[in-house]
Each structure stands twice: as structure tokens, then as C-alpha cells.
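Hi there,

Here is the structure I promised to pass on.

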Number of protein chains: 2
Amino acid sequence: QIINLLPSFFLPQVLANKNITITAGPTREAIDPVRYISNHSSGKMGYALAQAAQWLGAKVNLISGPTSLETPGGITKISISDAEQMLQAAQEYTQNCDIFISCAAVADYKMKQVAPQKMKKTSDELTLELERNPDILASIASLAQKPFCVGFAAETQNLAHYAKDKMQRKNLDMIIANDVSNQAIGFNSNDNAVTVFWPKGSVEIEQTDKQNLAIHLLQLIAAQYEEK
Amino acid sequence: QIINLLPSFFLPQVLANKNITITAGPTREAIDPVRYISNHSSGKMGYALAQAAQWLGAKVNLISGPTSLETPGGITKISISDAEQMLQAAQEYTQNCDIFISCAAVADYKMKQVAPQKMKKTSDELTLELERNPDILASIASLAQKPFCVGFAAETQNLAHYAKDKMQRKNLDMIIANDVSNQAIGFNSNDNAVTVFWPKGSVEIEQTDKQNLAIHLLQLIAAQYEEK
């Protein structure tokens, strides 16, 4: 705990007295009581952001899907499983919140109907009918009293194009884009490299470990938050 | 390592010189480069069986899907992700094998076609076309030189009926049935309670921790293996 708080003494407290809510990890969408749809998010980037925000002086609420990561000390963690649960938690914890960072890899689709019993594998083929999950980030960013909203864009092609389009479409204040087709900086990697876009600018951050990157990102977020 | 081997001094070495191959954990079936279908198996039961088999004197190969568990010392672990990879490993490691225990929660279905790029969420609805995965246990149990084959049946209803039907249909020597609708003994629990069926008998084992249960199960398996 002492070692954990040490960086706070060396880092300028640019987020002092700020409430920050961060989502992290994957969500799991039930198919039936035993099966689910998920994705390869490890949660590492979101947890690193939560730790960095705390080091920079913020009060942090971390809304997390299932991961095997330990929660940094002093951070309030809200554990959820699926996207609907994450949406409810996000709506609750952004009510008195300055900055909202949506880092979770929320499942885009869920089952139209979850089977109440384990489905028997009677047929050679199976068709799963899915429908869109609620867009948690867009929902928070459309509030009248919206916090400063930061999104992520994980892309395998045309990164800048898709990222800037997503920022405008969802009314975001900043978007952090990374290329998940690059295995060296992918979902389970300890490293990441990103390009950050905001309405009036952008900056590229070269490959570095996620904890170091998280500090840089939150310093950028703090600066843009103050300018707004 | 010393503590880990201690039970070997107290337990009769009923599996000395036996080669045992065990599958454990879930499999993950890719939807696209970031999304997959999986299930809630923690791998705990399979890993407990691997540890117990080693304590009882066996040489153990553990074919495991993605879990967050540590591999017990002295056990050969083969890490795989999807059912096709698990089938290949099972075929290889059961070639000179006395007993095969299929404890993995293999995904029953996989995508007909895995998308090479991350699918864009352009539509409000999505239909996933799935097809049956190979039946790993039935495939090993149908070999001319088949090992003693043990399966699991995770059911939410009509446990005995489905379990015995599965044993006959797949040509198994033993089946271990548990009720996954009971949360106290479910996929992520440390405890389990099972009913074991073999062609000429059955026995019920009351709720106990998975490591203790694993020792009982392997003593049962050793006894039935010797009778055959």
C-alpha cells in the first residue's frame, strides 16, 4: 500500500478532487446458464488507467467485467458481468462525476432470448439470434449534464478514419485508438501504442507499457478537461 | 514441491506406471479476431483430477483450455484454445495411454466461418451460424485400441437419465454426473457433488471439495480399470 501510493508524491496532482469513473474488461453475454459470448479483453488497460488516475489525485470508481486482475488499493470496484449491468452501474456512478473513461470491451451484441436451461446439442447446426447491446458510452455522452467523455477505438483497419468518426458520432471529448491486429500491443499484451484524437488535435504515443501509457493518457485528459 | 508430493507417501499408489490423459477447462471458439463463444468452466475439477492422479502414482498429461489456474508440479500441460486443437492434442496424447478422462467443457458448437477481420457492428441484429464441434470423447472412445474412457455430464435436469444415455451412446467405461443448476457445486465453486455410473453399478459422492473428490474418483477409476 505504501509502495502503491509512492508515485502520488512524484506526480503532479492534476486530477486532485476529481471524480473519475472508468469501465474495464470484457462483458459476458449469456447464451444459456453455462454458455456465453465474450471477447479477448484482459482489462489491463482499464486497470492501469484506474491506478494512474488515483496516482494523479482522483477519486476512482472502476466498473469491471470478469478479469483475473487485482484491484489497486483505494479504488472502488463495481463488478458486473453483462452490458446491461455495466450500463446501470455507469448511469449510477457518472451522476456526480467529472470524467468518464469507457475502456471496457463491451459486447456489441447480446442474445435476443437467453435460454433458461442449458441447451441440448440435439441438432447439427445452431443459429444464434443476436441484437445490439445498449451503447453505454453514447448513452452517458448524450446526458444534459455529461461528464468529460473518453472512448476507445480498437480497430484492425483504417484506424484514424473509424476513430474520428466514432468520436463525432458519439459526442465524445476524446478518443484513444489502437490497432488490435498488431499482436505486440493487443488485448492480452502488457504494452500498448495509441493515437489520441480530440476535436482540435491529436497525438501519437509510441509503444510503452500500459501503466506508463495510462499516466500519459490521464495527463492529456486532465489538460483537455481544464481547457473545456 | 516437497509439500506437493507429500500425499503420495500416504496414498496407495493404485495408478503407479499408468499413463493418464485429462482434458480440462473451457474451449473458446472464435467468432472473429476479438470475439469468441465460451462457457463458465473454471478448470478446477480437471486440475484437481490431474493433481490427484499424480498423487496416486500416474504419469499425467493435462490438455487444458484457457484458465487462470496454476499447473501442479510434475504434470505435463498442453495448452489449447479451441475444440479442434483439443481434439488433435487428445489424439496425440492418448496413443500410449491407459486412462482418458474428458473433464473439459468443450464448446458444442463453433462458427461455420470465422470472420478474418473484426466484424463492424453496422446492423441492429446479427445471426451467428454455428455447426457442431467434433466430439472429442466419442472420437477417442471409438478407437480400436481405446484407453479406459471417463466422461462428465453437466446437467440442469434429469441427471441420471441423460448421464447413462451419454455413457452408452459414446461407448464410455464410466461417467461422472453433476447438477450444474446447483450453484453451491457449480462451475466456479471449489466444491462438487456427483453421481458416478459405470456399466454394472453406480455410486453417489456427497458434496466435498474438488481435490478430495478427485482422489475418490481416481480410486474408483483405478478399481474399475483393474476389473476390466
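Let's begin in chain A, with Asp165(A) and Arg169(A): these two form a salt bridge, and their closest N and O atoms are 3.2 Å apart. Keep in mind that this is a predicted model. Both residues belong to helix H6 of chain A, where they sit four residues apart, or about one helical turn. Asp165(A) is partly exposed, at 34% relative accessibility, while Arg169(A) is exposed, with a relative accessible area of 56%.

Lys170(A) makes a salt bridge with Asp135(A), with 2.8 Å from N to O. Which parts of chain A does this pair tie together? Lys170(A) is in the loop between helix H6 (159–169) and strand S10 (174–179), and Asp135(A) is in the loop between strand S8 (125–132) and helix H5 (136–141), so the bridge links parts that are 35 residues apart in sequence. Is Lys170(A) buried or exposed? Its relative accessibility is 9%, so Lys170(A) counts as buried, because the cut-off for that is under 20%. Asp135(A), with a relative accessible area of 26%, is partly exposed.

Now hop over to chain B. Asp32(B) and Arg35(B) meet through their side chains in a salt bridge, at 2.5 Å from N to O. Asp32(B) counts as buried at 2% relative accessibility, and Arg35(B) is buried too, with a relative accessible area of 10%. There is also a network that involves both chains: Asp32(A), Arg35(A) and Asp108(B) are joined by salt bridges that share partners. If you want the total, the count over all chains comes to 16 salt bridges.

Last stop: strand S1 of chain A, residues 19–24. How many of its six residues are buried? Five are, so S1(A) is largely enclosed by the rest of the structure.

S1(A) has these strand partners in chain A:

- Strand S4 (residues 59–64) pairs with S1(A) in the parallel sense, over six bridges.
- Strand S6 (residues 99–102) also pairs with S1(A) in the parallel sense, over four bridges.

Opposite it in S4(A) stands Leu62(A), and in S6(A) the bridge partner of Ile22(A) is Ile101(A). While you are there, remember that side chains in a regular strand alternate between the two faces of the sheet.

Happy exploring!

How values were computed
Residues numbered from 1 in each chain as written. Chains lettered and ligands numbered in written order. Predicted model: local features only at pLDDT ≥ 70, side-chain atom pairs only at ≥ 80, totals over all residues. Heavy atoms only, no water. Salt bridge = Lys/Arg side-chain N within 4 Å of Asp/Glu carboxyl O. Helix = DSSP H or I, 4+ residues; strand = E, 2+ residues; numbered from the N terminus. Buried < 20%, exposed > 50% of the residue type's maximum accessible area, 1.4 Å probe, protein only. Pairing = 2+ DSSP bridges.
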